[in-house]
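This report describes a structural model together with its confidence scores. Please consult the sequence and coordinates shown here while reading.

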Amino acid sequence: MKDEITIQTRREFLRHTVLAGALSWTVPTFVANTFSALQADAADQTTQTTTGRDGTILVVLQMAGGNDGLNTVVPFTNDYYHRARPRIGLAESKVLRVNSDVGLHPALTGFKDLYDAGRLAIVQGVGYPNPNRSHFRSTEIWQTASDSARFERYGWLGRYFDNACSGCDPTVGVCIGRQMPEAFTAKQPTGVSLDNPQNYRFMAGGQSRPGQPTSMEDSFRKLNQPEAETPENSGGTIAALSGPVRHSGSALDFLERTALDAQVSSDKIRSIASRVDNLAAYPGSQLGNSLKLVAKLIGGGLPTRVFYVSQGGYDTHTNQTNTQERLLKDLGDSVSAFVEDMKGQRNLPRVLVMTFSEFGRRVAENANGGTDHGAAAPMFVIGDKVKAGLLGQYPSLAPADLFQGDLKFNVDFRSVYAAVLESWLKTRSEPILGRRFTPLQIV
Amino acid sequence: MLHRFRQAAPAFFLKPCNITLRLSLRMLSRISWQRWDFTAAAHLLNRAGFGGPPTEIARLVALGPAQAVSYFVDYERVPDSPPNPAWAEPDPERAERLRAARDASPEERRKMQQEMQKNQREHIIELRAWWLRRMASGPRPLQEKMTLFWHGHFATSAEKVRDAYLMWRQNDLFRRLATGNWLEMLVAVAKDPAMLIWLDQAQSRKEHPNENFAREVMELFTLGEGHYTERDVTEAARALTGWSYDRQDEDFVERPMWHDRGAKTIFGETGYFNGQDFLEMLVARPQAARFITAKVWNYFAGTPPSAELTDALAATFRNGGNNFKPLLRTMFLSEEFYSPSIIRDQVKSPVQWLVGSVRVLERPLPPPLVCVGLTRNLGQDLFAPPNVKGWDGGLSWITTNTLLSRYNEAATLLQGDVSPITGGMFANRPNANKQFLRRVSQVRVGGVDVDKLFTEEERTDASALIPALERRLLQAKFKPEQEKVLRDYLDGQRGMNEGAILNAIRLVMSTPEYQLT
């Protein structure tokens, strides 16, 4: 890749512009904050540095729409299960047996192989108290790690970035797609999103003459850098600019910040994507392509701690059988290809994949061969270092044990998050989750 | 911070006016003539419509606030009868084709279905372009803006409905009742075929009521989370049973045999309620007026209303018989709507970005397929919202990905360069991508005629061009250093030729500021 790399990291950008005074920029709020964070950096041991070569990586995989957990990890010997699901229930002969009582959906051959290889943990009966059956609210609860009745302003990964990664390169969080997940919402917006590396740049077009002081490219970069110096906040007082100014938190602030992050990450990401090859065959689905790109970015050493990918379509109110089969096959095949790729890169020991869905579905099937919104469901955690096997307890399906027709949870999802934060991302979980959740022994 | 053209007149200039509502003593008082300037008129044009060139803004300034607002709100006075898409009517051969498909061999059936789906996909693309044209050049901007509001509110996707005619019909409903009565709209939507399919109401019967519509109508359409109980959901679902869809007639049908005739308890009231009763109970709740007026305000003002303002909006709405037209008139004439914190602080939606851009650039919309690619890349596919909650909007339109796409797609509109969309679109669907590439490479997008936009002086003198760019593209001043960058750029070119001017426009469109309206 011959592209000139103008700005490597936000940190470098700040050094070259704000500190070295190559151009006399001042600082909108967010840069001031980043700057203060950098100053505090050396003293602050909790701030994580990311080199892109070591350090652990978390891949969060969202199964949007509310995956039916009962037909994913199937309690095939349970009478209540078959009675509640005369039409869509899966017979013992069909499931991929994990033990004498539960088995995986027949389409999850990819996961079965991972399970047999000791790389898949199934956390059973995950949920939270007072479950909410709205897609949006429940997704929000998972994304912000909040209590059911509490509204949190920032996402759980955003709070991780705020707590442990301030001053990091913006690519510390990468979302594959066009929208940022709510989980990334942070006090200091962090993370980038992309889906196609080739278009992830300012395309100056044929009329530009790069390198010249008045080329489009250069003008573009100047137009998208933070506000120039104005008399009221000149150089020496930057560190004191704790929370001013007139457009603190405005839409423009946010746009300026995003524009800067885009520039900082663009050259690097395109260069990696063109130089790294995938070492496994992925399904041609959206999820497959997303994980393919994640694998390239890991292989190229992007200093990322958290990747976010998603797969939609799990809201199976009608004719569930075919839809879920297609989705789970895609899921299992995509993830196992990704694991293969990581193995080939020798990066597998650094990578952990965690799946979640906003809720499971009702125990009883409905009249349309589907299922309605429910509560507790399983999560999957995949990697070289997971404690493979079944974790937690399968919730009871006995009608007397259900709450409004739904499974009761045994494992709070935040104790899975706590485990990932503490044992995998090596950071304290209380400041991020708001209080102590006993980490589940997953890694 | 953007520098506005003129400072607002202080509030004490306000003339006392006839005040009937106690609340309006403090809230929603009328904007004065003194405040009615280029910035205010541009703000109204941007928000109540899709923006426009300086000549249109000047016309609104001359009209004065009451007349200008009336131009938007009283749109029935403006004749408007553009043709509908050719296929936008019930298909007389539909029943026959369904029968033929049923009797065909599996292989033939698969072929027929593929053919039908392909047709539907083409029609949806045509439908998107048809609607975008109405927004970009139709004579009733507010009607289209409200239609877009309703599409985002009752967010229904063709991905599940899979029938362009039904999607058009729903769109037509939103347009017809755009500023009408709330209950009338709600009942019409509940009986709308696309909605009946989208939220599974069509299949809901007394043996197994489907809760999908019952839940979303309370959570997302009328009350909001926390203003109903789980019991209300299951009971409302029972009340709604029997409201269904007839595939043969392609129309709403009431199926008495499917209706649960038993007593239901909704919001603590017990009775033998049916769907109509339930919707009337919903609209009668005080929270319903607060919920919908707050959402309308947020849509136009770009920021949620304070509790006090919400009370005032809800009161205005109720006093106007739960009709949207008087609410909108009051809003667009209110001091609050023109407060400095609201002006130029809303992130343009992708549709606003596209339609607004072609309007200020005075160029036609690109061909349908290109329009679809442009908005999809920016995160908004008309007739295919991501879910029933619609697009989150606001800051969530902006990610590093979509921001770079906006910057690059400016080149599509200015210079006809389609590469920003051929690369990104369908990045995740390789096969669709190939076909799309082939088709897009055959269309001509066209560019912008700078002679039309700028006077000769502006086209030859950077000092004249820069203020002209400000007025046309931002309706606000550049920051001093941005102005310098543009001037340096123009000075560095060999003369002010068309290419240089187009690139200067591109640079303005590739700033954070241009993404705001």
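**Basis and confidence**

This is a predicted model, in which local features need pLDDT of at least 70 and side-chain atom pairs count only at pLDDT 80 or more, while totals for chains, interfaces and linings use all residues. Residues are numbered from 1 along each chain as its sequence is written, and chains are lettered from A and ligands numbered from 1 in the order in which they are written.

For the complex, the predictor gives an ipTM of 0.88 and a pTM of 0.83. The per-residue confidence is the pLDDT, on a scale from 0 to 100. Chain A averages a pLDDT of 83, with 81% of its residues scoring at least 70. Chain B averages 91, and 93% of its residues score at least 70.

Two residues are in contact if their C-beta atoms, placed from the backbone, lie within 7 Å.

| Stretch | pLDDT | Contacts in the model |
|---|---|---|
| Chain A, residues 13–46 | under 50 | 62 contacts beyond four places in sequence |
| Chain A, residues 228–248 | below 50 | 30 contacts beyond near neighbours in sequence |
| Chain B, residues 1–21 | below 50 | 31 contacts beyond near neighbours in sequence |
| Chain B, residues 425–430 | under 50 | 13 contacts beyond four places in sequence |

Where pLDDT is low, the predicted coordinates should not be read in detail.

**The interface between the chains**

In the complex, 54 residues of chain A are in contact with 54 residues of chain B. Helices (H or I, at least four residues) and strands (E, at least two) are DSSP runs, numbered from the N terminus. On the side of chain A that touches chain B, the elements giving two or more residues are α5 (135–144), β7 (192–194), α7 (216–223), α8 (251–275) and α9 (286–299) of chain A. The largest share, 11 residues, comes from α8(A).

By class, this side of chain A has 19 nonpolar, 25 polar and 10 charged residues. Here Ala, Val, Leu, Ile, Met, Phe, Trp, Tyr, Cys and Pro count as nonpolar, Asp, Glu, Lys and Arg as charged, and the others, Gly among them, as polar.

**Domains of chain B**

Domain bounds come from an automatic or database domain assignment. For chain B, the assignment gives domain 1 (27–73 + 286–338), domain 2 (94–284), domain 3 (350–440) and domain 4 (452–515). The centres of domain 1 and domain 2 of chain B, taken over C-alpha atoms, are separated by 29 Å.

Between these two domains of chain B, 17 residues of domain 1 are in contact with 17 residues of domain 2. On the side of domain 1 that touches domain 2, α3 (65–73), α14 (286–301) and α16 (324–332) of chain B each supply at least two residues. The most, 7 residues, comes from α14(B). This side of domain 1 of chain B divides into 11 nonpolar, 4 polar and 2 charged residues.

**Architecture of chain A**

Chain A contains 12 helices and 12 strands. Of its 443 residues, 55% are buried, a residue being buried if 20 or more other C-beta atoms lie within 10 Å of its own, exposed if 12 or fewer, and partly exposed in between, with C-beta atoms placed from the backbone. Among contacts in chain A between residues at least 6 apart in sequence, 73% join residues at least 24 apart.

Strand β9 (residues 351–356) of chain A has 6 of its 6 residues buried. A:Val351, A:Val353 and A:Thr355 point one way from β9(A), whereas A:Leu352, A:Met354 and A:Phe356 point the other way. In a regular strand the side chains alternate between the two faces of the sheet.

Two strands pair if DSSP finds at least two bridges between them. Strand β1 (residues 57–63) of chain A runs parallel to β9(A), joined by 6 bridges, and A:Val60 stands opposite A:Met354. Strand β10 (residues 377–383) of chain A pairs with β9(A) in the antiparallel sense over 3 bridges, with A:Leu352 opposite A:Gly383.

An open antiparallel sheet of 3 strands in chain A has the order β2-β4-β3. Its edge strands, β2 (73–74) and β3 (96–97) of chain A, each pair on one side only. Strand β4 (residues 103–104) of chain A is joined to β3(A) by 2 bridges, and A:Gly103 is the bridge partner of A:Arg97.

Helix α10 (residues 320–345) of chain A has 26 residues and reaches 37 Å from its first C-alpha to its last, close to the expected 38 Å. The expected span is 1.5 Å times one less than the number of residues. A:Arg346 follows α10(A) and has a positive phi, near 60°.

Methods: pLDDT is the predictor's confidence in each residue, from 0 to 100.
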